[in-house]
Amino acid sequence: MIHARSEPVLALQGLTDGALCAEVPALSPAQARAIIAAIHRDRPLAPRPGLSRAALDAALRHGALPELAVLAHQASTRDPFEKLLFATADGHRIETVLMPLERAGRVSVCVSSQAGCGLACAFCATGDLGLARNLASWEIIEQVRVARRRLGPGRRVHGVVFQGMGEPLANLDRVSAAIAVLTAPYALAVDARAITVSTAGLPDGIRRLAELAPRVRLAVSIGSPREEVRAELMPVSRAHPLRDVLAAAGDHARATGLAPLWAVTLLAGINDSRADADLLATFARDFAAATGIAPRLSILDYNQVPGARFRRSPALAAFRDQLSAAGVRSHHRYSGGADIAAACGQLAGCEGEGWGKRARSARRSWGSTHPEPEDN
Ligand code: SF4
């Protein structure tokens, strides 16, 4: 059930210039952009040339800058990953992960798009929580703003990945509104190609994403190329089989020209056999033949969750070799912050100590550390 929440009338940090003008007709587009730029550059909202006191007053009469409460900030002792734990105004806990990229100083922020998640993937701690509610656009953007303030000199937000808590395509209107602010040059100015939206596999949402945000990248959690195994791991697969998901991903690739990322977390004895690798390679070759665009395969180690029924596969290298022998390139993605429950599959809205108690089974698919996007 989606609960009602207390929310300000208008959260200014969640708006583009057009949206702010629509809400406050007294503002010109230039004034709206000046106000939004001041907000996202953390400048005082004060009059200056091109921005009158009257314009500011009009905006502030209608809106405000609500905040998420920061409950905890943890830094991994194993790697440079960090995690932020927030509370929403109505008491939900959400998490955000700061992930270093390969190039020094660049950080990608992994944001949550929902409080909890309703898709119940068997390998994901978030899925164990159930869905509390969709996050508002400003709550998504605020995660990036707070993360940015945590970065010291020489580090900056380069990218944003929708791979935290929640299924972003189940909250696509707000996610796409957040993307508009993230990418606006007068707002957070993140390159759209450094933004990735990950899905467990909602075909309609994948096609809408191509319409609403055609420059952002798509990642699909494969789970298993075998339909019956995937349905066990990811209940959403019973409504949306992998073939339908990949057909939608093909439409997305054709519409955007962008290669999708296919993420597979290897689980010992479940999806890590040579036959699994061969089937995955067949799907990847078929996809490339149908679209002219090869998917980028990301193979991840499973991150153990206390009480989980899954184990990390010892066969990751052999799996990748098998893909390679079948003519399909792959990337081994490192997912960091496991000691602070920040790695893939571990986000459960807590600081880590009690997190194992919540987890009934092993969790979540796609990874945290990202190679920087390739041109396609
Ligand atoms: S993996 Fe993603 S879609 Fe699946 S339960 Fe976890 S948060 Fe939801």
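Does Ala38 count as buried, exposed or partly exposed, and why? In this predicted model, Ala38 has 18 C-beta neighbours inside 10 Å and therefore counts as partly exposed. A residue would need 20 or more to be buried.

**Ala38 and its surroundings**
- Ala38 is part of helix α2.
- Apart from neighbours within four places in sequence, Ala38 makes contacts with Arg43 and Leu45.
- The C-alpha atoms of Ala38 and Ala187 are 8.5 Å apart, although 149 residues separate the two in sequence.

**Helix α2**
- Residues 29–40 form α2, a helix of 12 residues.
- From first to last C-alpha, α2 reaches 16 Å, close to the 16 Å expected at 1.5 Å a residue.
- Gln31, Ala32, Arg33, Ala34, Ile35, Ile36, Ile39 and His40 are the buried residues of α2.
- These buried residues pack against α1 (17–23) and α3 (53–62).

**The chain as a whole**
- The protein chain contains 12 helices and 12 strands.
- Of its 376 residues, 52% are buried.
- Among contacts with a separation of 6 or more, 71% join residues 24 or more positions apart.

**The ligand shell**
- The ligand is surrounded by 13 residues, of which Cys117, Cys121, Cys124, Gly127 and Ala200 are the closest.
- The shell around the ligand comprises seven nonpolar, four polar and two charged residues.

Methods:
Residues are numbered from 1 along each chain as its sequence is written. This is a predicted model: local features need pLDDT of at least 70, side-chain atom pairs count only at pLDDT 80 or more; totals for chains, interfaces and linings use all residues. Helices (H or I, at least four residues) and strands (E, at least two) are DSSP runs, numbered from the N terminus. A residue is buried if 20 or more other C-beta atoms lie within 10 Å of its own, exposed if 12 or fewer, and partly exposed in between; C-beta atoms are placed from the backbone. Two residues are in contact if their C-beta atoms, placed from the backbone, lie within 7 Å. A residue is near a molecule or strand if its C-beta atom, placed from the backbone, lies within 6 Å of it. Ala, Val, Leu, Ile, Met, Phe, Trp, Tyr, Cys and Pro count as nonpolar, Asp, Glu, Lys and Arg as charged, and the others, Gly among them, as polar. The expected span of a helix is 1.5 Å times one less than its number of residues.
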